[in-house]
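Please keep the sequence and the structure in view while reading.

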Amino acid sequence: MTLSYGRWAMLRKVEINCEKCFNNLKANSHKWGIGDHEWERAITRDYYLPVFDCGNPLPTNLISEEALSAWFNREHDKIVTDHCFSPQFMGRFVMDNADIYLTDYEKFRSLFIVALTTIQVTDKQNTLLRSLTKNRNGIFKIKKATHKKYNHLGINLYRKEDNQSWDKSIPTGNILSEIIYVPQELIEYEKQYLVS
């Protein structure tokens, strides 16, 4: 199968940003865990930014019911892309497991690809989803586990097939671990940050 230039350029962007991210985190790993939340924030931003710089190379073809309604009503300006795995939190996960993810580039790359997972939601829903994760002065809190946050907010999802229009989408539910791949090690890691 031959890739179009656009697809090739997008995939190349992913590979470049992934390798750059790996190198940056590895180079600064000696500053992780020293008790300085400014360093921790700066390092996790080194994960967050490359994920966002990749754009939306691997869409899930998932859209919220409300975003689907906005699409039908031609209110496309209300639809945004949600990185459902909170890239800055994933950076924290990588750094706390540096012996695994910063010693094996292929493991790191696999997780980086997961971090690129996106879902189309409304701008309002995106704000609500972001509010479920807090990082204030080095104190990190998660109000709802990643695989349950759409369910918690009552955001129902629809999926379409590749090369189909959204009007062909079908309902899929709202528990992410039943719809897309959610790493079990991430689910376990999140538990230490969950607050009620």
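This is a predicted model: local features need pLDDT of at least 70, side-chain atom pairs count only at pLDDT 80 or more; totals for chains, interfaces and linings use all residues.

Are Phe-89 and Tyr-193 buried or exposed?

## Burial and aromatic pairs

Both Phe-89 and Tyr-193 are buried; for Tyr-193 the relative accessible area is 13%, which is under the 20% cut-off and therefore places the residue in the buried class. Phe-140, with a relative accessibility of 10%, likewise counts as buried.

The model has a count of 15 aromatic pairs. In one of them, the ring centres of Phe-89 and Tyr-193 are 5.8 Å apart and the planes stand at 90 degrees, so the arrangement is edge-to-face. This pair joins distant parts of the chain, since Phe-89 belongs to helix α4 (residues 87-96) while Tyr-193 is in the segment after α9 (184-190), 104 residues apart.

Tyr-193 also forms an edge-to-face pair with Phe-140, with 5.5 Å from centre to centre and 75 degrees between the planes. Phe-140 lies in strand β5 (residues 139-142) and Tyr-193 in the segment after α9, so this pair ties together parts that are 53 residues apart in sequence. Phe-89, Phe-140 and Tyr-193 are among the members of one aromatic cluster, which also includes Phe-93, Tyr-101 and Tyr-189.

## Packing of α1 and α6

Helix α1 (residues 5-28) and helix α6 (residues 105-115) have axes that come within 10 Å and cross at roughly 120 degrees; the two helices are therefore oblique to each other, and their crossing is right-handed.

On the α1 side, the contact is made by Val-14, Glu-15, Asn-17, Cys-18, Glu-19, Cys-21, Phe-22 and Leu-25, and on the α6 side by Tyr-105, Phe-108, Arg-109, Phe-112 and Ile-113. Sorted by class, the residues of this contact are nine nonpolar, one polar and three charged.

Key
Residues are numbered from 1 along each chain as its sequence is written. Side-chain values use heavy atoms; hydrogens and water are left out. Axes are lines fitted to C-alpha atoms, for helices over the stretch in contact, and angles run from 0 to 180 degrees between N-to-C directions. Helices (H or I, at least four residues) and strands (E, at least two) are DSSP runs, numbered from the N terminus. Angles under 35 degrees count as roughly parallel, over 145 as roughly antiparallel, 65 to 115 as roughly perpendicular and the rest as oblique. A crossing is left-handed if the near helix is turned anticlockwise from the far one by less than a right angle, and right-handed if clockwise. Contact means heavy atoms within 4.5 Å. Ala, Val, Leu, Ile, Met, Phe, Trp, Tyr, Cys and Pro count as nonpolar, Asp, Glu, Lys and Arg as charged, and the others, Gly among them, as polar. Rings of Phe, Tyr and Trp (its six-membered ring) pair if their centres lie within 6.5 Å; planes under 30 degrees apart count as stacked, over 60 as edge-to-face and the rest as tilted. Buried means under 20% relative accessible area, exposed over 50%, partly exposed in between (1.4 Å probe, protein chains only).
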